[in-house]
Amino acid sequence: MDNTGYTPEEPIAAIATALAPAALGIVRTSGKGCIDLVARLFSRPDALRAARGNSLVYGWICTPAAETAPAQKNRIDEVMLSVYRAPRSFTGEDMVEISCHGGVSVVTAVYNLLLANGFRAAEHGEFTFRAYINGKTDLTKAEAVREIIAAKTDVSRSRAAGRLAGHLYQTIDGVKKLIVDTLAAIEVEIEYPEDEETISDTFNPADLEQARATLSDLASSWKSEKIYQDGARVVLCGRTNAGKSSLFNALLKEDRAIVSDIAGTTRDWIESWVNFDGIPARLFDTAGLRQTDDVIEARGVALTKDLSQDADVVLYVVDARVGLTDDDTAFLKQVKIPVLLVWNKCDVADATAVSVSVTNPATPLRISAKTGAGIAELCAAIKSALTAGKESARTQTGLGSERQKVAVEAALESVTHALALTKDYTLDAVVQDLEDALDFLGEITGDVTPEDVLDSVFSHFCVGK
């Protein structure tokens with residue numbers, strides 16, 4: 001967001017709930033004088049003005065009375081007003097949240113009435129931005145708010161909640177303290193030197209070693225956190241009639257794809273989000289791989305091959321009654337990403353024994369998409385493949401964004417360089433590295449706030465947040 005385009009404390013308003021028919025809708029306001037402005041549109045203005053913080057007031061939202069006919073007010077809706085007084089509010093300013101009936105017309109009417117009577121439309125993320133500039137939150141918590149809103153699984157939400165609770169901030173703050181303590185020891189040596197020797201033996205490097213270890217651990221955590229935030233791409237491939245669409249439906253636990261014994265039924269890919277034990281993934285059902293003269297089906301086969309190259313994991317489905325063919329083996333040898341070989345239809349009497357000999361690493365998994373046998377084991381194998389090499393040893397929440405990762409890596413590099421200088425260089429060189437590390441860590445929490453960082457953090461919020 002362009003934070004130069006408005007004045008902090010200026011009264012703002014936004015619709016905070018989805019603009020769709022619902023039991024309730026919320027229009028939130030914040031800023032200097034917002035309580036008085038809302039009172040002018042309220043059936044009980046004196047009660048609202050006298051309301052304590054963190055209290056509710058019942059009444060009606062009305063159009064303002066005309067000076068010539070002060071008794072003539074048109075009622076808009078029956079509402080409950082949640083009153084928050086600075087600094088004990090989300091934004092740190094006075095706030096009023098209007099809970100009205102959730103009809104689109106009602107919510108819109110209340111919102112437009114506010115805009116016509118002293119309020120400005122809030123920018124994307126402006127409420128959270130105000131919370132940040134008023135010291136109610138830091139950037140790690142602000143980003144966690146956005147993560148929680150966008151979370152697709154309970155695990156994703158739980159990890160974001162850890163950052164919102166301050167776990168990441170506390171870790172960063174702990175590292176900063178270690179660096180500051182080291183700087184303090186160095187500054188004493190600079191101010192009161194006994195001789196012109198180097199930094200060797202001036203201080204105990206254990207604090208910097210601990211800071212480096214923590215930063216290294218944080219940097220490695222992003223691989224794991226990213227997949228829970230962004231999700232993965234899992235593509236079902238295989239010959240026609242291998243049971244890909246049946247497996248797609250079984251993994252989704254609903255009938256989304258058309259299932260038929262007719263070869264070539266699926267001609268285009270379809271996708272849906274699915275949860276693999278906390279990991280959100282886009283699951284793709286694709287056209288069967290085979291040679292065909294049908295132009296449309298041939299295009300679907302080409303799309304299948306393209307999707308498989310961009311996947312995080314390919315589920316290659318084989319009809320257990322037929323087994324692997326030369327075409328299957330040729331395809332598997334070309335795939336460069338992780339492949340799970342899925343032996344489907346193992347519930348039928350004439351299913352063949354699993355015998356695989358391909359150069360592409362694949363673990364045969366016996367399932368029946370029809371009966372559900374082996375599906376739980378398949379889901380566990382998918383999660384294992386998606387997290388291979390990405391799991392962190394951290395027990396608490398890790399990094400929450402690419403921006404945080406870049407800053408942590410820069411801080412880690414500065415601390416590592418400072419440690420390398422301790423034996424051969426003067427105190428000033430080490431001080432510069434440690435001060436740089438503090439600046440990078442400050443960007444994560446918001447102590448150092450370049451404008452482009454603020455734009456990146458808040459521009460992707462919804463308007464009401």
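Biologist: Let me begin with a single side chain: is Asp 319 buried or exposed?

Modeller: Please keep in mind that this is a predicted model. A residue counts as buried when its relative accessible area is under 20%, and Asp 319, with a relative accessible area of 6%, is therefore buried.

Biologist: With which residue does Asp 319 form a salt bridge?

Modeller: Asp 319 pairs with Lys 345, and the closest N and O atoms of this salt bridge are 3.4 Å apart. Asp 319 belongs to strand β10, whereas Lys 345 sits in the loop between β11 and β12, so that the pair links distant parts of the chain, 26 residues apart. Lys 345 also counts as buried, at 19% relative accessibility.

Biologist: How many salt bridges does the structure hold?

Modeller: There are 22 salt bridges in the structure. One of them joins Arg 120 to Glu 126, with 2.7 Å between the closest N and O atoms.

Biologist: How should I read a helix such as α9, and how many of its residues are buried?

Modeller: In α9, which spans residues 244–252, seven of the nine residues are buried, among them Leu 247, Phe 248 and Leu 251. What covers these buried residues includes strands β7, β8 and β10 and helix α12. Lys 253, which follows α9, has a positive phi, near 60°.

Biologist: And on the surface, which residues form the nonpolar patch and which form the negative one?

Modeller: Leu 56, Tyr 58 and Met 80 form a nonpolar patch, with about 290 Å² of accessible area together. Leu 56 lies in strand β3 and counts as exposed, at 57% relative accessibility. The negative patch is formed by Glu 187, Asp 428, Glu 435 and Asp 439, and helix α14 gives the most to this patch, with three residues. Glu 435 lies in that helix and is partly exposed, with a relative accessible area of 35%.

Conventions:
Residues numbered from 1 in each chain as written. Predicted model: local features only at pLDDT ≥ 70, side-chain atom pairs only at ≥ 80, totals over all residues. Heavy atoms only, no water. Buried < 20%, exposed > 50% of the residue type's maximum accessible area, 1.4 Å probe, protein only. Helix = DSSP H or I, 4+ residues; strand = E, 2+ residues; numbered from the N terminus. Contact = heavy atoms within 4.5 Å. Patch = residues over 30% accessible without salt bridge, like charges linked within 9 Å, V, L, I, M, F, W, Y side chains within 5 Å. Areas by Shrake-Rupley, 256 points an atom, 1.4 Å probe, with all protein chains shown as cover. Salt bridge = Lys/Arg side-chain N within 4 Å of Asp/Glu carboxyl O. Lys, Arg positive; Asp, Glu negative; His and termini not counted. Charge placed at Lys NZ, Arg CZ, Asp CG, Glu CD.
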